[in-house]
Amino acid sequence: MSKRSLGSYFAELIIVIIGVTVAFWISTISEKKKDNKIKINYYVELIGDIESDLKDLEYALKANEKKQEKLGSAIRFYEDPQKFKDSIVQSAFVVGNYFFFEAEDITYQSIIASGDLKLINNKEIKKGLVRLYGTYHSIEKMQEGFLEALDQNYFPLLVKNIDYSNGNMRDDNFVKDLQVKNYIMYTINELNMHIQWYQLAINRGDKVV
């Protein structure tokens, strides 16, 4: 093989190597741009979701604080149940009024399901998101537990003893029923826990945004 043909062979090889390298480099840049665009879209959607959640959390927090205050006052009615029987019946209905928080988590669930959480390369943001949506999950379970307790025990007690059409008791023994008083106390304690978790979610949501 002549020196000239050998030189041409190496020149062609170098050109091929450079071509493949440039093509790979361009492909990598294109992929990074695509991933960056997807990430920015996720950020925009996540911020929108979390800001909406923060408004709902603030509402749930204030509503539950008011409810807790009302039920705190209701316990004093048991000092003289006969005298305050109408107030006790009203308080019994308040126990069944709940203000739950429901998270906007479609974007986050989409990120998890698609495996795109890896696109969020900022460790603090990623950690904050996982922590925040974990808090949402805990709140959901807590709310479900409270509603289940009401459905299984408390609402049947109301249906059995109160005429919903006019709010009157079936008999005066209802206001003396220890179950009603205990459920008011139980609800106050539950509300305290809900309020703490709502506040925790607000703090974590603010930090992530």
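View 1. Residues up to four places away in sequence aside, N161 touches N168, M169, R170 and F174, where contact means heavy atoms within 4.5 Å. The C-alpha atoms of N161 and N173 lie 9.1 Å apart, and 12 residues separate the two in sequence. The structure is a predicted model, in which local features need pLDDT of at least 70 and side-chain atom pairs pLDDT 80 or more, whereas totals for chains, interfaces and linings use all residues. Residues are numbered from 1 along each chain as its sequence is written, and side-chain values use heavy atoms, without hydrogens and water.

**View 2. Q143 and its contacts within the fold.** Q143 is a further residue found in helix 4. Its relative accessible area is 5%, and Q143 is therefore buried. With residues up to four places away in sequence not counted, the residues touched by Q143 are F100, F101, H194 and Y198.

**View 3. T107 and the buried face of helix 3.** T107 belongs to helix 3, which spans residues 106–114. Because its relative accessibility is 8%, T107 counts as buried. Apart from its neighbours within four places in sequence, T107 is in contact with Y42, E45, L46 and D49. Y108 and I111 of helix 3 are buried as well as T107. Viewed down the axis of helix 3, the buried residues fall within an arc of 100 degrees, so they line one face of the helix; the arc is taken over the directions from the helix axis to the C-beta atoms. I106 and A113, on the other side of helix 3, are exposed. G115 follows helix 3 and has a positive phi, near 80 degrees.

**View 4. E51 and the C-alpha atom of V209.** E51 has its place in helix 1, residues 3–74. At 40% relative accessibility, E51 counts as partly exposed. Along the chain, E51 and V209 are 158 residues apart, yet 7.7 Å separates their C-alpha atoms.

View 5. The volume of the largest pocket is about 300 Å³. On a 1 Å grid over the protein atoms alone, a pocket is an open set of points that fit a 1.4 Å probe, with protein on both sides within 12 Å along at least five of seven lines, and lining residues have an atom within 4 Å of a point. Grid points are joined across faces, edges and corners, and the volume is the space filled by probe spheres set on them. The lining of the largest pocket comprises 14 residues, and those nearest its centre are A103, D105, Y136, H137 and E140. The elements that contribute two or more residues to this lining are helix 3 and helix 4 (123–161). Helix 4 supplies the largest share, 7 residues. Sorted by class, the lining has 7 nonpolar, 3 polar and 4 charged residues; Ala, Val, Leu, Ile, Met, Phe, Trp, Tyr, Cys and Pro count as nonpolar, Asp, Glu, Lys and Arg as charged, and the others, Gly among them, as polar.

**View 6. The second largest pocket and its lining.** The second largest pocket holds about 160 Å³ of space. E124, I125, K127, G128, R131, L132, R204, K207 and V208 form its lining. Helix 4 and helix 6 (178–208) each give at least two residues to this lining, and the largest share, 6 residues, comes from helix 4. The lining of the second largest pocket has 5 charged, 3 nonpolar and 1 polar residues.

**View 7. Overview of the protein chain.** The secondary structure of the chain consists of 6 helices and 2 strands. Along the sequence, these elements follow the pattern α-α-α-α-β-β-α-α. Of the 209 residues in the protein chain, 31% are buried. Among contacts with a separation of 6 or more, 84% join residues 24 or more positions apart.

Note on methods: Helices (H or I, at least four residues) and strands (E, at least two) are DSSP runs, numbered from the N terminus. Buried means under 20% relative accessible area, exposed over 50%, partly exposed in between (1.4 Å probe, protein chains only).
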